[in-house]
Every structure is written in structure tokens, then in C-alpha cells.
Amino acid sequence: MDTLEVFQRLALALAIGLLIGVERGWHARAGGEGERTAGLRTHALLGLLGGVWAALVAGGGPGGLIALSIVFLVTAAVLAVFRLREITKEGTFGATTLVAGMLAFALGAYAVIGSMAAAAAAGVATAGQLALKGASHGWLRRLTWEELRATLLLLAMAVILLPVLPDRFMGPLDAINPRQLWLLTILLAAVSFAGYIAVKMAGETRGIVLTGIAGGLVSSTAVTMTLAKLARDHPVQSRLCLAGMVMASGTMVLRVLTMVGVLNWELFLEIWAPLVAGGAVLWLAGAFFVGREPADNGARPALKLVNPFELKEVLLWGAAIAVISLLSKAAAAWLGGQGLIASAAAIGIVDVDAITLSMTELARGDLGRHWAAAALLVAVFVNTVTKAVYAWIGGGRPIGTRYLLIAVLTLIAGLLGYWASDHFTRPMS
């Protein structure tokens with residue numbers, strides 16, 4: 001390393017120590033001088049100390065690494081002694097400050113002899129994790145054992161099972177790829193789990209609108225049914241419930257766009273314009289119907305949503321995706337594009353996630369992405385119109401009529417978006 005690079009790396013080592021020290025020092029800012037093991041200056045000096053020793057032993061081979069390790073152990077031992085005296089005085093337990101100091105030294109050394117980008121990222125991650133103490137503890141208090149067990153089980157299955165699944169198409173019509181099927185199931189569960197957590201952590205305190213938006217990540221149909229019943233029982237909140245329902249459908253549209261964009265970019269380019277146009281109508285309608293949220297009078301919705309990471313639910317999703325993939329491929333093979341559109345319309349009455357994942361794969365087949373895009377758009381807009389029926393049944397004629405009007409406007413906007421996309425992207429003759 002030349003002199004300039006040494007200066008740059010040592011500056012990064014000091015900066016990493018400073019970043020960690022700012023977080024540690026802020027929490028201990030009420031204490032007087034000499035009342036804490038390590039604060040802003042100590043962590044900054046630990047980072048620089050690690051960087052200096054790494055610069056001294058750089059190029060020394062195994063012997064240099066051994067010397068650096070010895071210095072690290074001595075530094076950690078000194079910190080441990082002072083931390084022991086501190087917790088003895090306070091009568092508390094905690095090793096976070098000790099580990100933070102060790103990380104400051106280690107990352108300072110790595111910034112000199114390793115990747116500067118990786119060292120900087122690790123420093124930011126360390127400071128962020130330290131700063132999230134309150135949020136992390138609050139999240140753990142809300143986490144149930146069933147959620148933790150199901151999540152760990154699914155993660156284990158993803159890490160252990162996914163690599164050994166065959167990555168080839170098999171079964172009737174060669175419609176099923178076991179590895180892709182399981183991967184898509186995991187993706188769907190992960191997206192839905194984000195909505196589940198949002199509903200659980202914020203739905204009870206943020207009101208009906210946020211419940212609709214977050215609940216749309218799990219099931220916009222379930223949100224529609226729940227809020228429609230709430231609107232019937234509490235007419236004064238019907239306008240707000242309608243906003244939650246249409247925003248849940250808007251979230252569903254965003255969910256479809258996200259999954260398709262991740263899995264098949266070519267298909268995304270086919271569907272983005274009509275879905276963005278239709279989704280804009282849903283969001284604008286929701287914003288229009290949002291009024292002042294009434295005081296909490298016991299009328300908030302209690303969404304009974306199952307944990308989407310439960311093994312039973314995940315396996316059912318996987319089975320549904322497999323069945324729909326088989327039916328879609330059979331319809332395409334035996335009836336052509338028209339059969340695919342008809343099957344997508346029927347499936348869209350109930351669900352859009354499985355048909356979304358199925359179309360991302362079918363778009364790579366013989367029929368191509370144009371028919372797959374058309375089928376997916378039909379499923380999404382049929383699902384939107386169907387929820388107007390659910391709103392009518394659950395909430396009564398007034399709210400059902402309004403939702404149906406919004407659904408029709410959404411369909412018109414989607415058709416205009418499809419026409420505009422096709423018109424302006426068609427090659428000029």
C-alpha cells in the first residue's frame with residue numbers, strides 16, 4: 001500500500017470507531033467523566049488502534065496475523081476488566097459494550113487489511129443494531145412462540161430442502177419444477193408475512209386505513225369481507241371502511257407488480273401500464289374516501305389472519321400453485337390462448353397470487369409472454385370486480401354500489417393503460 005491508501009484506510013478505521021462510539025456515547029451521555037467503560041473517544045481510538053496494528057503487521061504473513069490476534073485478545077481482556085468493574089458497581093449484567101469495543105477494534109483492523117466497503121458496511125450494521133435495542137426488544141415481546149417456531153421451521157426447510165430439490169420440469173405436461181415451485185412458495189409466504197406483521201403491530205393503533213393497506217399484503221379479499229361487515233355494523237365508519245377496502249386492492253396490485261418484476265422482467269414490461277393505471281384509480285379512490293378517523297369506540301376491525309409462515313399454510317399454497325400451474329399449462333396446450341384466458345378469469349375470482357406465479361413461468365413457454373400477460377391482467381381485474389360483490393354482500397347496497405363503481409373505473413383505466421402501452425410501443429410502419 002502506498003502512503004495515500006494507508007491514510008484512507010486508517011481514516012476509515014477511525015470513522016468506524018467513531019460511528020460505534022457515537023451510539024454508545026449517546027446512551028451513556030448522562031454519566032459523568034470516568035463513569036463508563038467506553039464511550040465516543042474510546043471506541044474511536046479502538047478502531048484506530050486496530051487499524052494501526054493491522055498496518056504494522058500487513059505483509060507479515062501468518063506471523064503478522066498471530067501478532068494481531070494477540071493484541072486483539074489483550075485489548076479485549078483489558079476491556080473485560082473495566083466492564084466487570086462497571087457492572088459490579090451498577091449491579092447489572094450486559095456484554096454489549098464489551099462486544100461493541102471488540103468489533104470496533106476488529107473492523108478497524110479489517111478496514112486496513114481487507115475490503116474497505118465490507119468494513120464500512122459492517123460498521124454501519126453494528127451501529128444500527130446497537131441503536132435498535134428498544135425496537136428489537138419490543139418486537140420480541142410481541143413475537144409469539146408459534147410465530148417463531150413456524151418461521152424457524154420454514155427457514156430450515158428453505159435452507160436444507162431447497163438445494164436438494166430437482167431443478168427440472170416433470171410430471172404431467174412437464175408442468176412442475178419442484179425447486180422453482182418451492183422457491184415461489186417461499187417468496188409468496190415472505191411477502192404475505194410482511195403484511196401479517198404490519199397488521200399485528202400497527203393495525204390496532206393506526207386505524208382502519210392502515211389495516212386495509214397492510215392487510216392487502218396478506219389477503220385483500222379477507223380485508224374486504226372484514227371491513228364490509230364493519231361498515232354494516234357501524235355505518236358512521238362506512239366511508240373509512242370503503243377507503244380501507246379499495247386501498248387493500250391497491251396493495252394487491254402493487255404486490256402483483258413486485259412479484260412479477262422480481263421473477264420475470266419481460267412479463268413486467270407487458271403488464272405494468274394497465275396495472276399502474278388501475279392501481280392509481282384504487283389509491284386515488286381510497287384517498288378520496290378517507291375522512292377524519294373517528295375516536296376509538298371499539299369499532300376497529302379485528303382481522304383474523306392466519307400466520308402465513310405456518311407450515312400447513314405454506315404447503316397449501318405450494319399445492320395451489322402446482323395445481324394452477326398444471327391447469328394453466330393444460331389450458332394453453334389444449335385450448336390455446338383463449339383457454340388460458342378463461343382459466344385465468346375463473347381462478348381470479350378466488351385468488352391472484354397463484355396465477356401470478358404461474359404466469360411468470362408460463363410466459364417463458366410456447367405461448368409467450370403476451371398471452372401470459374393477458375391472462376394475468378384478466379385475473380387481476382376479475383378479482384377486483386369480484387370484491388365489489390363481496391362488499392355488496394357483506395356491507396349492503398350503498399357500500400357495494402360505490403365499490404362496484406370504483407371497480408368499473410379501475411377496469412376502464414386498465415384498458416386505457418393497455419391501449420396506451422400497446423399504441424405507443426408498437427413499431428411505426
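I take axes as lines fitted to C-alpha atoms, for helices over the stretch in contact, with angles from 0 to 180 degrees between N-to-C directions. Helices (H or I, at least four residues) and strands (E, at least two) are DSSP runs, numbered from the N terminus.

The model is predicted: local features need pLDDT of at least 70, side-chain atom pairs count only at pLDDT 80 or more, and totals for chains, interfaces and linings use all residues. Residues are numbered from 1 along each chain as its sequence is written, and side-chain values use heavy atoms, with hydrogens and water left out.

**Overview.** I counted 16 helices and 0 strands in the chain. Of its 429 residues, 45% are buried (under 20% relative accessible area; exposed is over 50%, partly exposed in between; 1.4 Å probe, protein chains only). Then I looked at contacts (heavy atoms within 4.5 Å). Among those with a separation of 6 or more, 74% join residues 24 or more positions apart.

**α3 and α4.** I took α3 (residues 61-90) and α4 (residues 96-113) to begin with. Their axes lie 9 Å apart, at an angle of about 155°. That makes the two helices roughly antiparallel (over 145 degrees; under 35 is roughly parallel, 65 to 115 roughly perpendicular, the rest oblique). α3 passes α4 in a right-handed crossing (the near helix is turned clockwise from the far one by less than a right angle; anticlockwise is left-handed). On the α3 side I noted Leu68, Phe72 and Arg83, among others; the α4 residues they meet include Met102, Phe105 and Ile113. This contact has 12 nonpolar, 3 polar and 1 charged residues. Here Ala, Val, Leu, Ile, Met, Phe, Trp, Tyr, Cys and Pro count as nonpolar, Asp, Glu, Lys and Arg as charged, and the others, Gly among them, as polar.

**α2 and its partners.** How do α2 (residues 40-57) and α3 cross? Their axes come within 9 Å, at roughly 160°. The pair is therefore roughly antiparallel. This crossing is right-handed too. Trp53 and Val57 are among the α2 residues in the contact, and Gly64 and Leu79 are among those of α3. I found 9 nonpolar, 2 polar and no charged residues there.

Next I checked α2 against α4. The angle is about 40°, with axes 7 Å apart. α2 passes α4 in a right-handed crossing. Gly47, Gly50 and Gly51 are among the α2 residues here, and Gly101 and Gly108 are among those of α4. The residues divide into 10 nonpolar, 7 polar and no charged.

**Cores.** I then searched for nonpolar cores (buried Ala, Val, Leu, Ile, Met, Phe, Trp, Tyr and Cys residues joined through side-chain atoms within 4.5 Å). The largest has 47 residues, and Leu267, Ile271, Leu275 and Leu376 have the most contacts inside it. Helices supplying at least two residues each include α10 (220-233), α12 (265-289) and α15 (369-395). α11 gives the most, with 13 residues. Leaving aside neighbours within four places in sequence, Ile271 touches Leu257, Val260, Ala373, Leu376 and Leu377. A second, separate core of 13 residues includes Ile20, Ala100, Leu107 and Leu130.

**Thr221.** Is Thr221 buried or exposed? Thr221 is buried, at a relative accessible area of 14%. Thr221 and Ala391 are 170 residues apart in sequence but 9.5 Å apart in space, C-alpha to C-alpha.
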